[in-house]
Amino acid sequence: MKLYCLSGHPTLPCNVLKFKSTTIMLDCGLDTTSVLNFLPLPLVHSPRLSKLPGWISKDGTINLEKVLDARELLDLSTIDVILISNYHCMMALPYITEHTGFTGTVYATEPTLQIGRLLMEEVVNFMERVPKAQSATCWKNKEIQRMLPGPLKDAVDVWTWKRCYSMQEVNSALSKVQLVGYSQKVELFGAVQVSPLSSGYSLGSSNWIIQSHHEKVSYVSGSSLLTTHPQPMDQSSLKNSDVLILTGLTQMPTANPDGMLGEFCSNLAMTIRAGGNVLVPCYSSGVIYDLLECLYQFIESASLGTTPFYFISPVANSSLEFSQIFAEWLCHNKQTKVYLPEPPFPHAELIQTNKLKHYPSIHGDFSSEFRQPCVVFTGHPSLRFGDVVHFMELWGKSSLNTIIFTEPDFSYLDALAPYQPLAMKCVYCPIDTRLNFHQVSKLLKEVQPLHVVCPEQYTQPPLTQSHRSDLMLELQPPPMPYRRCSVLNLPFRRRYERVYILPELANSLVPSEIKPGVSVATVSAVVHSKDNKHTLQSVPKPPPVAPSKKRKRVMDEPPVVLAPKPLLSGAVPLEAFLATLQKHGITEVKVEETADGHILHLQAEDTLIQLEEDGTHIVCDNNEPLRTTLRDLVLRFLQKL
Amino acid sequence: MPEINVTPLGAGQDVGRSCILVSIGGKNIMLDCGMHMGYNDDRRFPDFSYITQNGRLTDFLDCVIISHFHLDHCGALPYMSEMVGYDGPIYMTHPTKAICPILLEDFRKITVDKKGETNFFTSQMIKDCMKKVVPLNLHQTVQVDDELEIKAYYAGHVLGAAMVHIKVGSESVVYTVSVNKYAKSHISAWIDKCRPDILISESTYATTIRDSKRCRERDFLKKVHETIERGGKVLIPVFALGRAQELCILLETFWERMNLKAPIYFSTGLTEKANHYYKLFITWTNQKIRKTFVQRNMFEFKHIKAFDRSYADNPGPMVVFATPGMLHAGQSLQIFKKWAGNEKNMVIMPGYCVQGTIGHKILNGQRKLEMEGRATVRLLISFALTKRLIHVGKLLACVFCFHTLQLDVKLQVEYMSFSAHADAKGIMQLIRMAEPRNMLLVHGEAVKMEFLKGKIEQEFSIDCYMPANGETATVTTNPSVPVDISLNLLKREMALGGPLPDPKKPRTMHGTLIMKENSLKLVSSEQALKELGLNEHQLRFTCRVQLQDPHSDPDTLHRIYTHLKSVLKGYTIQHLPDGTVMVESIVIKVSSSAEDTNAKVLLLSWSYQVKHRHCPCSRLSKLGQKHNRLKT
């Protein structure tokens, strides 16, 4: 059993597990931090950006970094299945399913598929509506890259940076997705069973159990114990794992999500009261539902009832609508609302009362209905593309306005870099509901895996806070760290496999008790293996040989495979054996004692029998009937295995 | 032999009050818990005294599973859990859990408030009953306890309807309501090839093979349109939830396309709520509705408006959806009475009608209805009166009992099977998919069942049962025994067989099965000895062969060696440096007696485990004689 680690990013993992002749990819996250190396893509012509001193002709194409060009590590076309844990961890799917010869199946829950599709659609839309006249790729050449100014010069593996995929590729990739429900058991080739479990992080997010009858691997990715909107995490099913692969812990171990939410609200209210606008760069699904719910309760108390809230994204409407129809995947509170029937999320009411409005982009209706001061939720959180770029240009110069970062994926200072100097206030309230180190060590204590595998980042404190030994995993035995491109041999040996004995054979077995409570039976059977399932059947009786005159022909028949003689155990008791011999007419026996046992001399037959604790030796002349008799007598006293 | 027992308490060779007991692998499961629309007495509910004469059912049932929200499948649930007594888990899907209490409450109101029955379950009982419900997700494998597991599949009958796969060890049963073969349009529709021991299916439409859905839809629209054109009124009796929504969508789009002005009304107060459920559970509807729901929610109707009782007397054409669906009570019956006398009008029955209901009568061509039945009259009156006057109404009912109301049915009666009960074709298709070992039919009329039973037995050559209520069908199963085999042993046998299985050469394996506590382990004999801490007992045989040979001992041995080599082709023969010759695992030694150096003794030694095919005694002892001959 091996684990190939294709991503070094702990929250956007991509690992490949080889287990019982199946090759399973666990997530394929797309690390988009590389876009921070590029200039923003403005929606309207920006004189400032276009006048920036360029290094020769600056390359404006936004590239996304692909998880890893893994061709050297393993052939991606051999992957049988891809298991997706949440919609953030599937963004690289088109790169893998479309260009590597992948022919397998992708498993994901329905919300993961639908919202993942929305997020991909959004990125593609952001890219395609600002087409670039030219794009450069030559700079990726090592020689040229060396001459580029930093930090581009120091960027590693730029050759893995890829252009964004197209909608066609997205559709094709997503058509390979097979939907699964929580705790559904999916058989892979009869060899392995995989099953998603609720992970509590986002709508439809899951951890995965990969198991056979005797081995169990748990894959924990992006889990949360906080009570936000998704169904709570299923912890008990992770118990008894041989190996637990742990990824997707919080990226902000020191930031308390509740505190950050409070800070978010107070900063928002302060800015609005002062007459400024609030910009919230965010993804179109996930934490935004919680932000809206929090604001729903906060609006009245903070007397923000008249402030317009805008949600601008090509998928804004879909995201808000979809969130309302996944009742099965929501926490208990929200589920009960559906029974009333009421929409599970309060943003339905915000929309109904016109407090929240959503638009596909800043063009069209929005430009005429737009009122200030207002709150705008829009993407992309990297500030490099999407409608957020326009608002940065529009509001950046006024100190009345505030930008509040809530997504933890990008460093806010790097994100803001191309917009400097900036008069606008910046507030950083990253909300990351994933497990923190305290929660994870409690969880691991609870579920007791034999081995833990995790990214190496989790085995040491963060670089900036090297004294915080509480911000790392401390386990006994220590976790097995992995880094990008490492291949781990997972430490367990398979010793047993499940077979099924057919009723006919089972009925023919003769068990004998060896010790109290322990019985044995010798089994001779024909093994049938189909779809990695093994069954044992009775050995078919050889067809009766037709009485043939030509004896030679009979001799040519292949020898019938006979069951081998069983192993023997036990000892032959002297007195009882002598009595038995007597019964069978062998009376003249001379017994001689030796160091290890006895030698019996059967004088009439000129035969010796050597009886010892762990062996019996019969020495006689060429007298087959006698030997057979003696053999059978000895066997009476022994156990056969 | 392990066996599975299936006993219907209701719906055995009958339609209505579905309730089937299954005992499998020591577990008892109740499938559905419905009421009968055709009765108002004790026969309304299944006979739970079959399970136990006195006391609660909790100890006798491991779980209850409800397939969908129709009252003939869940109507007796509060009675069973709160009045008879059951505290175990009740499983149903989310939409069923949402809608079922509303229908139960509605049913309760009609029975208690309007018909004035006492000794019926209360609103609180419905609430308490629903607290025992555990919601099921599609395809989720739910572990009821360590051994019993259930899994729900999409059935597409009505919103939230499910097939259930019940499994204990290697035995399994699949229970399906009415599988809608059009369910395939849904992403996760249809069952996998799970090869259950028994497939229990409804057979309401056992003899019908319906034409395509599209044809029926077109036919339906044509009839409605014609009636509207000639100024008639169309009554469509429906149940509040289910097909009603589908027909609404159909009419709504037709009205839009044809630009029709005639009003469409939906009579029940539930409408808006019901449509809201459909909006929230859109993942349970069909693919087409799901795909477009963001742009336009199909359940927001422009042309369909709420109905008021006074509208029934309005002149001009109109279409009214009214509840309930079998014309046995309520608003639909009231409107029917008003419109029945005019031949321009039409009533379209979109679903099955249970015997004893007006719906059933008019479908059978009855044109004169005697409205004198006690229950019917009391009902009609209580509807005619406001709630405050119920008691007066009851009094009047007694008076009216002696009257005979005769109703001439002049309006057109049309029957359109939109109800998504399984028809013969759907059932056959399901059998083909799931490949059950036995088939069991419930929820259908005996005659029709008999026909389908014959058809199934003929086409699939599997046994088909159709027990009556209280009758038990028993199926013996023959499960194979799961065993843990040591991987070494399995791999050894696999290697012997070569990489590809050879049909001519069966791969045999030999091992020892260790039965300890509850575990069964199959290991090689050597490993079994080791694991059980036993010593091996060696059993050896030695055979002495006398022969005359003048050579020295080593030379004799060598001569034997070369001779054996030439005679025994295909055997491994080794001459070992310690002065022995090995033929496979048989050891040959030579010794000479002290007196006569020519008289040699050949010692052949082998262990008990030596395989027979090189049986040493016969072949090698001949060697001695041969050798004697050689020398001469």
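Is Thr247(A) buried or exposed? Here are some friendly notes, starting with that residue.

1. **Thr247(A).** Thr247(A) counts as buried because its relative accessibility is 1%; buried means under 20% relative accessible area, exposed over 50% and partly exposed in between, with a 1.4 Å probe and protein chains only. You will find Thr247(A) in the loop between β13 (243-246) and α6 of chain A. Leaving aside residues up to four places away in sequence, Thr247(A) touches residues including Pro10(A), Tyr219(A), Gly222(A), Pro455(A) and Tyr482(A). Contact here means heavy atoms within 4.5 Å.

2. **What you are looking at.** This is a predicted model, in which local features need pLDDT of at least 70 and side-chain atom pairs count only at pLDDT 80 or more, while totals for chains, interfaces and linings use all residues. Residues are numbered from 1 along each chain as its sequence is written, chains are lettered from A and ligands numbered from 1 in the order in which they are written, and side-chain values use heavy atoms, with hydrogens and water left out.

3. **The two chains in outline.** Chain A has 18 helices and 32 strands, and chain B has 18 helices and 30 strands. Helices (H or I, at least four residues) and strands (E, at least two) are DSSP runs, numbered from the N terminus. In chain A, 55% of the 641 residues count as buried; in chain B, buried residues make up 56% of 632. For contacts between residues at least 6 apart in sequence, 71% join residues at least 24 apart in chain A, and the figure for chain B is 71%.

4. **Helix α6 of chain A.** This helix (residues 257-273) has 17 residues and reaches 24 Å from its first C-alpha to its last, close to the 24 Å expected at 1.5 Å a residue. The expected span is 1.5 Å times one less than the number of residues. Just after α6(A), Gly275(A) has a positive phi of about 90°. Buried residues of α6(A) include Met260(A), Phe264(A), Leu268(A) and Ile272(A). The partners against which the buried residues of α6(A) pack include α7 (287-301), β14 (278-281) and β19 (425-428) of chain A.

5. **Helix α5 of chain A.** In α5 (residues 167-174), the buried residues are Val170(A), Ala173(A) and Leu174(A). They lie on the same side of α5(A) because they cover an arc of only 90° around the axis; the arc is that of the directions from the helix axis to the C-beta atoms. Their packing partners are α2 (93-99), α3 (110-128) and β8 (177-180) of chain A.

6. **A record to bear in mind.** An unreviewed UniProt entry lists residues 288-416 of chain A as "domain: Beta-Casp". UniProt positions are given in the numbering used here, feature names are shortened, and annotations may be inferred rather than shown by experiment. In the model, the end C-alpha atoms of residues 288-416 of chain A lie 21 Å apart, and the span is 41% helix and 12% strand.

7. **A buried lysine.** Lys27(B) is found in strand β3 (residues 27-31) of chain B, and is buried, with a relative accessible area of 11%. The side chain of Lys27(B) makes a polar contact of 2.9 Å with the side chain of Asp145(B). A polar contact is a pair of N or O atoms within 3.5 Å; within protein, one must be able to donate a hydrogen and the other to accept it, and residues adjacent in sequence count only if both atoms are side-chain atoms.

8. **Backbone spots to check.** Most residues other than glycine have a negative phi, and most peptide bonds are trans. A cis peptide bond joins Gly379(A) and His380(A), with omega about 5°. Another cis bond runs from Gln476(A) to Pro477(A), with omega near -5°. Arg17(B), not a glycine, has a positive phi of about 35° and counts as buried at 12% relative accessibility. Glu517(B), also not a glycine, has a positive phi of about 45°, but counts as exposed at 75%.
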